[in-house]
Amino acid sequence: MDFGSLSWVKGEIEKNLQGMRSALEAFLDTEDTAFLEQALGEIRQAKAALQMIDIQGALLLSQEMEALTQDLLQHPEKRKTQAYEALMQAILVLSNYLDWSQQHKKDIPLALLPFLNALRQAGDREPLWEKDFFHPDVTVQPPPPPPHAADIREAIPKLRPAYEQALLRWLRKDVPEQSALETLDALLGSLQEAVQPPESARLWWVTRGILEAIRDGSLQPSASLYHLLGELDHCMRLLQKGEPLPVEHLQALTRELLFLLAHASSQGPMVTSLKRAFRLEELLPSPSTLEAIHADLTAPTPQLLQHVLPPLQEDLAAIKATLDHFARIGEVPEEERRSLEERLQRVADTLGMLGLEAAREKIGEQREKIRQGMDLSLVDDIASGVLEAEALIDQALAPETGATIQPLLKQIRDDLTLVMEALDQFSRRADGEILASVPPILKRIMAALSMAGLSRAADLLHMCHTYIQERLAKEPADSRFLTLTDALAAFEQYLVALEQGEEGSFWLERMAQHAERLAEPQPEETLEAVQEQAAPDETPQTLAEGIDADLLEVFLEEAEGEIATIESHLPQWEAHPEDEESLATIRRSFHTLKGSGRMVGAALLGEFAWAFENMLNRVIDQTISPSPALFSLLHQALPALRQLIDQLKGGPPPSEDIEALMAKAHALAEGQPISAETPDEAPSPAPEHEAAATAESMEEKVVEAQTPGEEALPPLDLEPELAAIFLEEASELVDKNENAIQAWRQAPEESPWVE
């Protein structure tokens, strides 16, 4: 596999795929087989390039595409629609697979199995199976025998009868399964330690891993496994007779056993060692890994959207015009009915390729009505169905940006939140696995922007995407990381502007300034140095260059409004923790403060707001639950926020311990407990002679604990002795009620909690 050379040939391959797509579309429109010949030539050129770089998955997919195109050329009417759909999907998948392979430096043909079988099914050929892609190295050396080990020919006469007996007892369930499996493992261990050819030692070694997986329940016995274990006895018989072992047969048995072992989820030492030695997780990735790869492979690219959306728009317009024509002439001509059915099928295929399943189903319903026999009575019904489908995809077709982007904004902003969270984690721990989730999400956002006609924003986001894949993933300490986050913060403000019906050009230009810097030559500065310089506890809040006074004024006004929003909704949420709307409003205000603060260079305010937004995100996704400590921390955050705003206006640094509050928010987000009160507020036991002071303290706390807007309670008028008695009795009652509530929760039908 030559991933380095892929960058040299990928451009030409993309041109071939584009040419093939255009030729197939022309064939579907005209049924002229000359276009199929053109498509065949394009995929053959792409295949030739893939043969040079030896990326097996891509090469295999191109071969199946060539075979189906050849079959379609010889039999143009044979499953034409199914073949067209499979080929169009394969064009998208092949392009994305090359991107994926280039990014991850991996070639996993198994990930292409469903797409390969879609091509084979369209060509009436037998499907491929998982095992067809499983080719482990069966020459891996087994562990060496211990010193002075016996020869296998000396050990086999005693061990073989014992193995047969133990296997038979297990199959007949004459003894407990665990006991039988332990006996079989011990016998195979003795065989493995004998001096013998590596092929047989390897076979016993792998079989012991199978037995371990069965013992811990991660692999279920099957008829095929029993047969393989019986084959082991045949190999022992050959050894006992002194006959030569059939090497190819032993390797085939080893491969079969390894295939079973690759499906076992066991974490046992033997299984783990075997999976590592034979690289089984690379050969047969987990279902979750394959699912993630499939999502990447089927995501429409911006280039694809730019190509397919105009024809899709034309087809929908033609469909509506045809239905209108039927209504005007008062009849449904048969030839036009067939043409309408074919056009609807083409639209459905395109929507399926783009992943717009709801719209595809709606179009498919209308096509089925026409196929079953259309008359004038159905024209209005079908037209309504087409309009419903168009409403589902009008974000991809509407010429007005505002009308286009609005239905997509929530998903885009949700996706961007995932990106920013991942980058925040990456800034704390430069782990490539954290970063791996970002490019597919950005690709999804780019597709949505392209569908909405926001090509400028999509292009700028593509710069960020390219920087992450080609630079940051390889150099986690790259100093332009903060430039990346600035670009995404500007993009977030651009989305906010669109959401409010504004053009957002200022934020788009800010994003461009940062995104274009990502393509500049790498400076000498490291990420650690940049982070050290920007550390909130070491650097006072400063404003980003180029931010004018008017923009700062807007930010400060917006910040005051968001703090007021938090102040007004926090008591409501605290009183009713199930109030999701108040929670979402508070979280959104912190989110706005984070994004806007970062954009004007108020790094400390931005990071402070992010700490609390992240904490509230964990409440929303139910990772943590609202608690007194969480509400107490939010109340403490409000004066800290106002002090940070005052600092931006030229005031003194905050008197609140900003770093400590942020640390507590991060701790709560990670499920770590913190005190619900600050140390200064924590009560301490008071002796009886201090009851007066305690009463005064109680009076102050009652006033402080009132919800804003509530009418003040009258001062408490308690004698010191009465206050002491009251506090003691109240404490006992609280403890008693807490115990009763806990008992009721554990057994509500048994606990007389009402009493």
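**Loops, helix contacts and aromatic pairs in a predicted model**

Glu31 is located in the loop that separates helix H1 (3-30) from helix H2 (33-53); helices here are DSSP runs (H or I) of at least four residues, numbered from the N terminus. The structure is a predicted model, in which local features need pLDDT of at least 70 and side-chain atom pairs count only at pLDDT 80 or more, while totals for chains, interfaces and linings use all residues. Residues are numbered from 1 along each chain as its sequence is written, and side-chain values use heavy atoms, with hydrogens and water left out.

Most residues other than glycine have a negative phi. Glu31, by contrast, has a positive phi, near 60°, without being a glycine. With a relative accessible area of 40%, Glu31 is partly exposed; the term covers values between those of buried residues (under 20%) and exposed residues (over 50%), computed with a 1.4 Å probe on protein chains only. His148, also not a glycine, has a positive phi of about 60°. His148 is placed in the loop between helix H5 (113-122) and helix H6 (152-172), and is exposed, with a relative accessible area of 85%.

A further loop, between helix H28 (628-648) and helix H29 (658-669), contains Lys649. Leaving aside residues up to four places away in sequence, Lys649 touches Leu556 and Glu560, where contact means heavy atoms within 4.5 Å.

Helix H10 (residues 247-262) and helix H11 (residues 269-278) have axes that come within 11 Å and cross at roughly 115°. Such axes are lines fitted to C-alpha atoms, for helices over the stretch in contact, and the angles run from 0 to 180 degrees between N-to-C directions. At this contact, Leu258, Leu261 and Ala262 of H10 meet Val271, Leu274, Lys275 and Phe278 of H11. The residues involved comprise six nonpolar, no polar and one charged; Ala, Val, Leu, Ile, Met, Phe, Trp, Tyr, Cys and Pro count as nonpolar, Asp, Glu, Lys and Arg as charged, and the others, Gly among them, as polar.

Phe278 also takes part in an aromatic pair with Trp205. Ten aromatic pairs are found in the whole structure, a pair being rings of Phe, Tyr or Trp (its six-membered ring) with centres within 6.5 Å; planes under 30 degrees apart count as stacked, over 60 as edge-to-face and the rest as tilted. The ring centres of Trp205 and Phe278 are 5.7 Å apart and the planes lie at 45°, so this pair is tilted. Trp205 belongs to helix H8 (residues 198-215) and Phe278 to helix H11, so the pair ties together parts 73 residues apart in sequence. Trp205 and Phe278 are both buried.

The rings of Phe426 and Phe481 likewise have centres 5.7 Å apart and planes at 45°, so they form a tilted pair. This pair links helix H18 (residues 401-428), which holds Phe426, to helix H22 (residues 481-499), which holds Phe481, across 55 residues. Phe426 and Phe481 are buried. Elsewhere, Phe590, Phe608 and Phe612 form one aromatic cluster.

Notes: Helices (H or I, at least four residues) and strands (E, at least two) are DSSP runs, numbered from the N terminus.
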